[in-house]
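Below is my note on the model you asked me to look over.

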Amino acid sequence: MGYREQREYAWAQFFALLCLCDWSDCQISYSISEEVNKGTVVGNLAKDLNLSAKELESRDLRIVSGYTNSKKYFEVDLKTGALYVVDRIDREELCPNTAKCSLNIEAIVSNPVHLHRIEVQIKDVNDNSPSFREKVKTFNITESSSTGERYLLPIANDPDTGSNSVKSYKLSSNEYFSLDVQSGGEQSVSAELVLQKTLDREKQSVIHLTLTALDGGKPHKSGTLQIVVNIMDVNDNIPVFSQSLYKARVEENSPFQTPILTVTATDLDERLNGEVVYSFIERGNFNPETLFSINSHTGEITVKGDLDFEENAAYDIRIQAKDKGVPSRSAHGKVLVEVIDVNDNAPDIMITSLMSPVKEDAEIGTVVALVTVNDKDGGNNGLTSCKIVGLVPFKLNLNYKNYYSLIVDGPIDRESVSQYNITIVANDEGIPPLSSTSVIIVHVSDVNDNAPSFSEPIINVYVKENSPVGATIYTLTAVDPDVAENAKITYSSLDGGSKNIPISSVLNINSETGDIVSLQSFNYEELKTVQFKVQATDSGVPPLSSNVTVNIFILDENDNNPGILAPYSEHGSVNSENIPYSAEAGYFVAKIRAVDADSGYNALLSYHISEPKGTNLFRIGTSTGEIRTKRRLSDNDLKTHPLVVLVSDNGEPSLSATVSIDVVVVENAGDVQTQSRHVPIKDESFSDLNLYLLIAIVSVSVIFLLSFVSLIVVKCHRTDNSFSRYGAPMITTHPDGSWSYSKATQQYDVCFSSDTLKSDVVVFPAPFPPVDGELISINGGDTFNRTQTLPNKEKVRVLAY
């Protein structure tokens with residue numbers, strides 16, 4: 001490293017020690033010369049940030065430009081922590097016409113996030129030579145000019161500043177003129193040509209001089225101007241201004257032709273030699289006529305262009321008073337115009353390092369963006385404040401001067417708000433105050449904070465028995481308000497089944513669609529209900545889940561024929577019964593009993609004599625199966641009566657069974673065999689035995705009814721809540737003495753006869769629970785009336801195939 005680089009590095013270390021606050025809010029300052037080579041080290045940023053070299057990559061140390069220039073001038077070496085130059089730095093390009101030049105950058109480290117402001121001061125080097133706008137300057141000076149007269153010379157321009165700017169002028173050697181160099185402090189150095197010896201046009205009419213401008217750099221650089229002096233004759237008095245310096249103030253943005261002040265110059269000569277004309281003198285790169293106007297006759301100066309305090313706070317104007325003599329004579333004066341600032345610039349809001357999207361589980365204090373507010377105005381007009389408008393879970397945290405951090409200030413829920421439009425308003429303290437608004441769009445990214453949910457905790461599904469294998473009997477649907485993988489749901493069964501049957505052998509659940517598919521055909525007589533739990537799990541990390549209970553109720557189909565009970569057998573064999581010839585109408589012949597493995601209406605049986613058709617001798621109880629005589633026997637009746645009894649269930653379509661009985665008529669009552677299935681003919685007289693029998697039947701009926709009611713109460717009390725929504729039990733009596741009991745969750749049909757000692761009780765189970773209800777009443781003619789009742793309120797899904 002050369003001497004120059006070592007010196008610059010020492011300066012950088014010195015400025016780094018000038019930090020006046022703690023590291024959370026301080027600004028680190030470095031200094032470096034312009035035009036240094038790429039790779040030149042500005043300073044050890046890691047050391048100044050109290051970071052070790054091992055932490056640089058893990059904490060993602062990076063440099064963010066804090067200026068609007070698109071170029072990136074600095075970068076940090078993540079191995080050494082050195083801040084170095086990556087592009088050419090030209091101070092005159094970055095900071096034209098300013099004495100101080102600095103670049104503001106930002107160093108950001110993560111885990112946790114910290115912001116550090118860095119100011120790099122750009123030192124000027126003498127890389128520009130002074131230059132004059134004009135190559136040749138001509139003066140017309142009369143030969144009568146007195147010694148000591150002064151002539152203002154053009155100033156030289158040097159883009160460099162400080163000691164590298166123009167510091168002195170020198171004039172080529174001659175016998176008539178000398179050079180008076182004036183230093184204006186902060187103003188530029190100017191020079192005047194001073195006449196030292198009376199001119200004699202007859203001896204020399206033109207004088208050629210060379211003006212050299214020198215800067216203060218080491219080594220010096222210079223620029224030259226050729227001066228041509230034409231020696232004129234006659235007019236020997238010059239105009240004289242009333243003041244050597246005029247001062248005035250004017251507000252920026254003043255309208256056109258606003259008067260500023262009036263300058264006055266007098267000339268002791270007479271006539272044309274004493275008439276004065278006023279004008280501006282253009283000096284350097286500034287031409288006063290672009291912003292101001294001067295009346296050539298009155299000397300009044302007015303506003304001509306747009307005055308902007310932010311561009312220039314004051315103007316140094318040189319004016320000239322010139323008479324109309326031949327040759328004319330002139331004098332120059334100085335006008336200093338101060339521009340008064342008005343609040344005409346709204347604050348400028350700049351958003352950098354926007355970190356979007358933000359996770360919805362972001363902690364309070366997480367940095368979202370960096371906000372910088374600038375106002376070009378000065379004084380109170382340039383003081384700003386910044387705030388967020390509206391209720392959002394964010395706030396602005398003041399870091400340093402007009403630098404803010406936008407941080408999380410409350411809980412964020414993507415399912416409630418997925419995008420925040422954060423409105424930031426910046427106000428200045430001018431009168432009246434001005435403001436500007438900027439909207440930051442912050443997207444919220446999803447985290448897996450919601451478990452899938454079912455619409456109901458218990459789902460009831462109704463499936464008919466004998467349904468085909470592979471049919472979809474129900475589709476489960478769970479909802480997850482999260483998005484993407486966090487909302488992707490898979491379904492699985494947890495446990496369940498009936499009669500120790502594993503659910504996997506009965507049903508299959510599609511993990512992606514939630515379809516419940518049957519793996520076997522159901523048989524109501526073997527399996528009536530299946531209960532299991534299904535779990536819905538999302539694909540988030542970690543995964544979340546919820547459960548639902550699924551009840552599958554098998555609905556009975558009429559798939560079983562009635563079965564004839566002993567002592568009679570089904571069709572194919574002949575059974576015989578004897579009746580006496582003296583049998584009266586209503587004589588009990590036989591009782592057919594049958595059962596059906598189905599339930600409900602599919603097991604409700606009815607009895608009919610199918611052969612011979614239209615017999616007028618015998619009748620059968622439709623619901624009881626009792627065969628009785630319709631009338632007394634006559635001599636014309638046959639001795640043997642073959643009967644075929646058809647037993648039909650109430651299903652759709654109806655299934656049936658038949659039994660054959662030969663009824664043989666015998667002459668003597670003693671020939672009739674007394675069997676358990678026979679009962680004596682009713683006595684028409686109401687004897688004491690009939691009274692006792694009636695009391696016994698009523699007592700048994702009451703006891704039986706009370707038993708059933710108790711059973712219903714206990715069963716309802718033990719039933720799960722999901723089953724308690726079905727209707728109340730219903731008991732119906734019939735004119736022939738039979739009665740039925742039904743309930744929405746379970747239905748039984750109980751039938752018996754009240755007019756015989758040989759009555760049988762038959763209980764028919766019904767499917768549980770039914771889709772709707774029906775009542776079957778039995779009238780006195782042993783015929784059925786089916787009445788459809790209103791369905792219950794439970795949502796029912798029945799698959800028909």
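**Notes on the predicted model**

1. Leaving out residues up to four places away in sequence, Asn558 touches Asp596, Asp598, Asn602, Asp649, Gly651, Glu652, Pro653, Ser654 and Leu655; contact means heavy atoms within 4.5 Å. Asn558 lies in the loop between strand S40 (545–555) and strand S41 (563–564). Helices (H or I, at least four residues) and strands (E, at least two) are DSSP runs numbered from the N terminus.

2. The model is predicted: local features need pLDDT of at least 70, side-chain atom pairs count only at pLDDT 80 or more, and totals for chains, interfaces and linings use all residues. Residues are numbered from 1 along each chain as its sequence is written, and side-chain values use heavy atoms, with hydrogens and water left out.

3. Asn558 counts as buried because its relative accessibility is 13%; the classes are buried under 20% relative accessible area, exposed over 50% and partly exposed in between (1.4 Å probe, protein chains only). The side chain of Asn558 makes a polar contact with the side chain of Asp649 at 3.1 Å, and also reaches the backbone oxygen of Pro653 at 2.7 Å. A polar contact is a pair of N or O atoms within 3.5 Å; within protein, one must be able to donate a hydrogen and the other to accept it, and residues adjacent in sequence count only if both atoms are side-chain atoms.

4. S31 is joined to strand S30 (residues 419–428) by nine bridges, and the two run antiparallel; strands pair if DSSP finds at least two bridges between them. A hairpin of six residues connects S30 to S31, and Thr423 stands opposite Val439. Strand S25 (residues 358–359) runs parallel to S31, with two bridges, and Val358 has Val444 as its bridge partner.

5. Two cis peptide bonds deserve a check. One runs from Ser356 to Pro357, with omega near 10°; Pro357 is in the loop between strand S24 (348–352) and S25. The other joins Ala566 and Pro567, with omega about 15°.

6. Lys401 is not a glycine, yet has a positive phi of about 50°. Lys401 counts as exposed because its relative accessible area is 63%.
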